[in-house]
Amino acid sequence: MNKSLLQEISESFFMSEIQIERIFVRAPYAYKLYTIPKRSGGLRNIAQPAKETKYVQSWLIHNVFSSLPVHDCAMAYKSGSSIKENALAHVEKPYLVKFDFKDFFTSIKEANLIAHFQLYLGGRFSSEEIKYLARISCIKYKHATEKCLSVGAPSSPILSNSILFEFDKSVHEWCVSKNIVYTRYADDLTFSLREKGMASTIEAEVRNFAKTKCVVNLRFNQKKTTHLSKKCQRRITGLVITNEDKISLGRDRKREIKALIHQHLLGMLNADQVSNLQGLLGFAKNIEPSFLFSLYKKYTFEVVNGIIRSRKTK
């Protein structure tokens, strides 16, 4: 006889089924809300679930949600995928078309998750268990009418990837037929092509698929819809594709790193700023190793490597 969802979790956590059920019931209302600064300016709203909710969500990621389908063109939140891999997919085509979904995570509602789970997990869980799975994955904001995913919950990334599986599949198949490369990094959609003047056709098709092949009411951020060619700086998820079809950090990021190294040599950086510089240098090593070598020449290997290897003092 198959174990129930609550029984499986209770045995894993050495808690009673009643205790686990209480976590599911309280989950949407037990979140810590705060903001963090965006790199581009402004603030990002974060909603972090209570510790016990986080534990159960993490268990569900490994034991349930990992079996949900995710299309190959979805490049975020997956082992082996990165912003570098996302950009590399588009280096061979000169024209880019980019779209962005508005309020992506919070546009994914509890009812959307229930529909998705019924389709892909219906053979494993009862209707009541599927409602529990959707409930513990969502937050109930004070003035909202529906529960939704949040930025900050461990389960939100994998669920946001999977719930667009049918959309991604349809867009990908259409793009293959038109010799267009398509990738999606969370809420950022990128299309690369050789033929000029296809932007309006792509947008019309993508909007149609968003309406017909997705359970979520996706909204497009018109301010972030862009059409680019080699005449402009082609930027994908923060990285630049050069006219030589190489991936680059971009001029601004390189200037930032050089300025921080100079400030470090003058003793102007505190421990947190040094830690940030270490992260940027590691990022540079992964994205554009030739830039790191140029830093070795400018500042010497000993200085740069010393920054990378230095430990943060408490």
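Predicted model: local features only at pLDDT ≥ 70, side-chain atom pairs only at ≥ 80, totals over all residues.
According to the domain assignment, the chain is divided into domain 1 (1-67 + 109-148), domain 2 (77-102 + 155-241) and domain 3 (249-309). The centres of domain 1 and domain 2, taken over C-alpha atoms, are separated by 28 Å, and the contact between these two domains draws on 11 residues from domain 1 and nine residues from domain 2. Between domain 1 and domain 2 an area of about 910 Å² is buried, with carbon and sulfur atoms giving 67% of that area.

Helix H5 (residues 110-121) takes part in two of the contacts considered here, with helix H7 (residues 156-163) and with helix H6 (residues 127-136). For H5 and H7, the axes come within 11 Å and cross at roughly 65°; an angle of 65 to 115 degrees counts as roughly perpendicular, and H5 and H7 are therefore roughly perpendicular to each other. The crossing of this pair is left-handed, and the contact is formed by Asn-112, Leu-113, His-116 and Phe-117 on the side of H5, together with Leu-159, Ser-162 and Ile-163 on the side of H7. Sorted by class, the residues in the contact of H5 with H7 comprise four nonpolar and three polar residues, with no charged residue.

For H5 and H6, the axes come within 9 Å and cross at roughly 135°, which makes H5 oblique to H6. H5 passes H6 in a right-handed crossing, in which Glu-110, Leu-113, Ile-114, Phe-117, Gln-118 and Leu-121 of H5 meet Ile-130, Lys-131, Leu-133, Ala-134 and Arg-135 of H6. Here the contact consists of seven nonpolar, one polar and three charged residues.

The remaining pair is formed by helix H8 (residues 165-177) and helix H9 (residues 199-212), whose axes come within 9 Å and cross at roughly 150°. Angles over 145 degrees count as roughly antiparallel, and H8 and H9 are therefore roughly antiparallel to each other. The crossing in which H8 passes H9 is right-handed. On H8 the contact involves Phe-167, Ser-170, Val-171 and Trp-174, which meet Thr-201, Ile-202, Glu-205, Val-206, Phe-209 and Ala-210 on H9. By class, the contact of H8 with H9 contains seven nonpolar, two polar and one charged residues.

Conventions
Residues numbered from 1 in each chain as written. Heavy atoms only, no water. Axes fitted to C-alpha atoms, helices over the stretch in contact; angles between N-to-C directions. Helix = DSSP H or I, 4+ residues; strand = E, 2+ residues; numbered from the N terminus. Parallel < 35°, antiparallel > 145°, perpendicular 65-115°, else oblique. Left-handed = near helix turned anticlockwise from the far one by under 90°. Contact = heavy atoms within 4.5 Å. Nonpolar A, V, L, I, M, F, W, Y, C, P; charged D, E, K, R; others polar. Domains from an automatic or database assignment. Buried area = accessible area lost by both parts, 1.4 Å probe.
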